[in-house]
Amino acid sequence: MNRCLILISKKPIVIQIFTLVCKKLKIKLEVLNEAQVDHEVDILVVDSDFIDDRFNILKRYTSLIGAISKEDLPFELANDFLIPLPFLPSSLQDILERQLKILDKKTSSKVYVK
């Protein structure tokens, strides 16, 4: 199943690492330089510059939301996973592979009623 990920970031190195890892994992990557999401996506990752009071609003557009941050987020920000800064491509790949497995479990456990 093809998965989609939106990355909200303006940092070239972050975008470059995500591009490489998503290509390797066969994840469709969409990069936004502002927190204006208007469609649903499997995974949404928000860079530290965009973690603000709109973070929980973004959660409505995704199954899993992650944050790129040097520290844990406050409890009121409902993130599903954290990508600690700084990160290497290998650690990002491990994190995204775990999230894909969680996503697969979520979608396979849904019961559809006609």
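Start with the sheet. Five strands make an open sheet, ordered β2-β1-β3-β4-β5, with parallel pairing. Pairing here takes at least two DSSP bridges between two strands. Strands are DSSP E runs of at least two residues, helices are H or I runs of at least four, and both are numbered from the N terminus. The edges are β2 (27–32) and β5 (81–84), each pairing on one side only. On average, neighbouring strands are turned by 20° against each other, direction ignored.

A word on the model. This is a predicted model: local features need pLDDT of at least 70, side-chain atom pairs count only at pLDDT 80 or more, and totals for chains, interfaces and linings use all residues. Residues are numbered from 1 along each chain as its sequence is written, and side-chain values use heavy atoms, with hydrogens and water left out.

Back to the strands. β1 (residues 3–8) and β3 (residues 41–46) run parallel, joined by 4 bridges. Within that pairing, I6 stands opposite L44 in β3.

Now the helix. α1 (residues 12–25) lies across β1, β2, β3, β4 (62–69) and β5, at about 160° to β2. Axes are lines fitted to C-alpha atoms, for helices over the stretch in contact; angles run from 0 to 180 degrees between N-to-C directions.

Buried means under 20% relative accessible area, exposed over 50%, partly exposed in between, with a 1.4 Å probe on protein chains only. Take F18: beyond its neighbours within four places in sequence, its contacts (heavy atoms within 4.5 Å) include L5, V45, I83 and L96.

Last, charges. How many salt bridges does the structure hold? There are 6, each a side-chain nitrogen of Lys or Arg within 4 Å of a carboxyl oxygen of Asp or Glu. R3 bridges to D104, with the closest N and O atoms 2.9 Å apart. R3 sits in β1 and D104 in helix α3, so the pair ties together parts 101 residues apart in sequence. R3 counts as buried, at 6% relative accessibility. D104 is partly exposed, at 40%. R3, D42 and D104 are linked in a salt-bridge network.

K11 also bridges to D47, at 3.3 Å, N to O. D47 is buried, with a relative accessible area of 0%.
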